[in-house]
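Colleague: I have a model open and some questions about the words used for it. Can we go through them together?

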Number of protein chains: 2
Amino acid sequence: MNKVVGSLKEAIKLSGLKDGMTVSFHHHLRNGDYVINLVMDAIAEYGLKDITIAPSSIFPVHAPIIEHMKSSVITHIDTDYISGPVGEAVSSGILGKPVMLRTHGGRPRAILEGSLHIDVAFIAAPTSDDMGNINGVNGPSACGSLGYAMPDALKADKVIAVTDTLVPYPNTPISITQSNVDYVVEVSSIGESSGIVSGTTQITTDPVGNIIARKAADVIEISGLMKEGMSFQTGAGGASLATAMYVKEKMINKKISGSFGLGGITEFFVNMLQIGLFKTLIDVQCFDIAAVKSLRENPNHIEVSSSFYANPSAKSCTVDKLDVVVLGAMEIDTSFNVNVLTNSNGIIMGGSGGHSDAACGAKLTVIVANLLRSRLPTVVDSVITKVTPGHTVDVLVTEIGIAVNPKQAELKKRLFDAGLPAVEIEYLKEKAERIAGKAEKVTFTEDTVAIVEYRDGTIIDRVFKPFENGQ
Amino acid sequence: MNKVVGSLKEAIKLSGLKDGMTVSFHHHLRNGDYVINLVMDAIAEYGLKDITIAPSSIFPVHAPIIEHMKSSVITHIDTDYISGPVGEAVSSGILGKPVMLRTHGGRPRAILEGSLHIDVAFIAAPTSDDMGNINGVNGPSACGSLGYAMPDALKADKVIAVTDTLVPYPNTPISITQSNVDYVVEVSSIGESSGIVSGTTQITTDPVGNIIARKAADVIEISGLMKEGMSFQTGAGGASLATAMYVKEKMINKKISGSFGLGGITEFFVNMLQIGLFKTLIDVQCFDIAAVKSLRENPNHIEVSSSFYANPSAKSCTVDKLDVVVLGAMEIDTSFNVNVLTNSNGIIMGGSGGHSDAACGAKLTVIVANLLRSRLPTVVDSVITKVTPGHTVDVLVTEIGIAVNPKQAELKKRLFDAGLPAVEIEYLKEKAERIAGKAEKVTFTEDTVAIVEYRDGTIIDRVFKPFENGQ
């Protein structure tokens, strides 16, 4: 009585996977993940074609699947984020069908409502027992929270746990239960630790980033939200983390303790939990080893599914309880729309992830960004790709000024009264253009390479194939 | 942004509950539960009729709902267990439609497959935050595991948390998540502690029960299953618990440590966990205060849903990993069929609960029973109501002999070889009849008052209305 099968190929056969079906993966092993490549190689070897892959994110380490895209083993991708060679390949038009790019909250919405049907989910399992009880906090490839895999496990027709660490029954704690797992496959390694989690998360040492962070913390203070019970999320970027550092300082000075820290969790938030600045950490993904350790050991650090985190169709989700989120941007336009998907050449190199979910949920959404990025203006007339809509963004903080969304007149007045340099966003755009020159407009073909779905299921934008250099 | 509404009536109104719909409840507060009565009074006051109630169990404390059955507020019951006045009322034919009696594993099967559709689930919540994150380990009405409420929360159209202890967001740990909760209602008290959990669980002091228990432990030892990694479940009856005491003694003497203890968890099992005789406790229900405390504090004591426990349609359930279960019986017949539902007058006073689930899953199912019960034979030609089928029962242990199911020839031989008094079950029946006389056959009308559903959804028996005295 157990579910262990001898090989990935055998599990694929037993699962009934056929041409044209959809397989899914989670991305907690990030750029250290071996599982997508292992499974797709096995699927190719098994002779299947026309597979849709639905990983929650794709990283540079997944470059080998480009070969399977070329040979039509993979003909469609449905994901929340693509960085590295796969993004470039998609932008070059390698797939006939446009990629579907969702948000971290939109993905569980689509899975649970059935619009993204998963035939077979492959769950990279840092530990599993022989019945498929899985957790991510133990084992040599421990990645912490398995939040993004939970909707897949719940709804996929077949679920295959892929583990390098089989433990005696029952495995505890249980993050994904045997109730939802069909087969367990043991492989020699599911990932490379150094790529899964970095040893520490770095706060920016860039002096400009530091100026921005300090101002962003001031904005949060002046907003009136920095009070007992504040809930807080930041992105893992340097300037966002530096903002957290200044927020922490202010919280200590004001003798404030927060309610919860949310998101991808870093050592910095773990420390804030430990010293009582948060009551709870709500963790959909661990960004470093300290976060994994804390999730394993601290009962006030809890693991939640992506649906709990951000699914707008759930009966509620936790981003709706968020006071403040600090996020980055590749581009932001004068309507406060944010692009975190395409680079200045119009090539896919990211995605919403939880960006638009947190922006929508939080009472105060602060975008921190240098005025220039790779010597090009960050503030533009119109973003190349609209990912997070401007009406969900409240403030842009740059090194030379703070722009408040006109819908937040009260906040703008508060900043003025406090002597902070609140300016019009058009001023920041012009200033950037005066320094760097107006960016040359990328030109695109008429080929759609990706559809950008907002968290609620509406299509918010499309990504087109750029004209190649010299075309 | 919160889900708290002012009263039960308001929550009922908001939920859209209408005549003819189904409401559900869990039974972790057992005979201390206030919530079923409170809610049904509110539903009656709201003027609804023809409601199906689907509590996981019904206790004597729920006698007040008989009034709602008389007035057609409640016209159907779907449950796993009924003890006390409601069972007597059902047996008297108070409802037009037969009650559906399921097992603790069959109920989540029916809910998750959709054959038991719940319109509104009411979750008695020892603690909840304002978004409906619930746990049962804290608060004045702490009952521990909320395992039986989990399928309801997952599948009901609307879910209403009823709590006497609103705590700041986010409540942790989270047993039932805000993703599935629509409304939160605060009431002054959800239950009376003394009825929820007893201070301690008593091992039998009856010398006959003690003889049976000692023999049952011998049977388990001789079966060969008492070895490193053994998993074990007992009912909470005195003789079952006493068996656990002798099993514990043998495990210590043999220097064996078990894998997991399963089921409704008692202080006795908590102690076995603490001294290392189990690696893990898998808890679908806490039977006493010590179990609640252990679930709150010991990470090796884990809470699971009824689907994880025993749902035969899940991708697996944990009773299938069970080595040994020790269970009681009201009656057992010469085909080893067990009745734990109707008493000697044919009146409903129990139900399968997890009896038939554990019996089906375990490698060795031991029934412990005194030869006589209320001066009537326990071993009979044919049980009044078949609940647990004989092919899932391996051994009957009584004070005068041990009967092995003929399908277990190997075990029978082992017992003989070990010098244990293995006899034919017919011998036990005759012996009982010689002492007590053959029980007078209960006579029944042709009115079906309950349908007994086996865990897989097949109908295993029906309960008829007995002829009244003098008829």
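Colleague: What share of the contacts in chain A between residues at least 6 apart in sequence join residues at least 24 apart?

Modeller: The share is 71%. A contact means heavy atoms within 4.5 Å. The model is predicted: local features need pLDDT of at least 70, side-chain atom pairs count only at pLDDT 80 or more, and totals for chains, interfaces and linings use all residues. Residues are numbered from 1 along each chain as its sequence is written, chains are lettered from A in the order in which they are written, and side-chain values use heavy atoms, without hydrogens and water.

Colleague: Which residues of helix α14 in chain B are called buried?

Modeller: B:Leu411, B:Lys412 and B:Leu415 are. Buried means under 20% relative accessible area, exposed over 50%, partly exposed in between (1.4 Å probe, protein chains only). Helices are DSSP runs of H or I, at least four residues, numbered from the N terminus; α14(B) covers residues 409-417.

Colleague: How do you know that the buried residues line one face of the helix?

Modeller: They fall within an arc of 100° seen down the axis of α14(B), so they line one face. The arc is that of the directions from the helix axis to the C-beta atoms.

Colleague: What lies on the other side of α14(B)?

Modeller: B:Ala409, B:Glu410, B:Lys413 and B:Asp417, which are exposed.

Definitions and conventions. Helix = DSSP H or I, 4+ residues; strand = E, 2+ residues; numbered from the N terminus.
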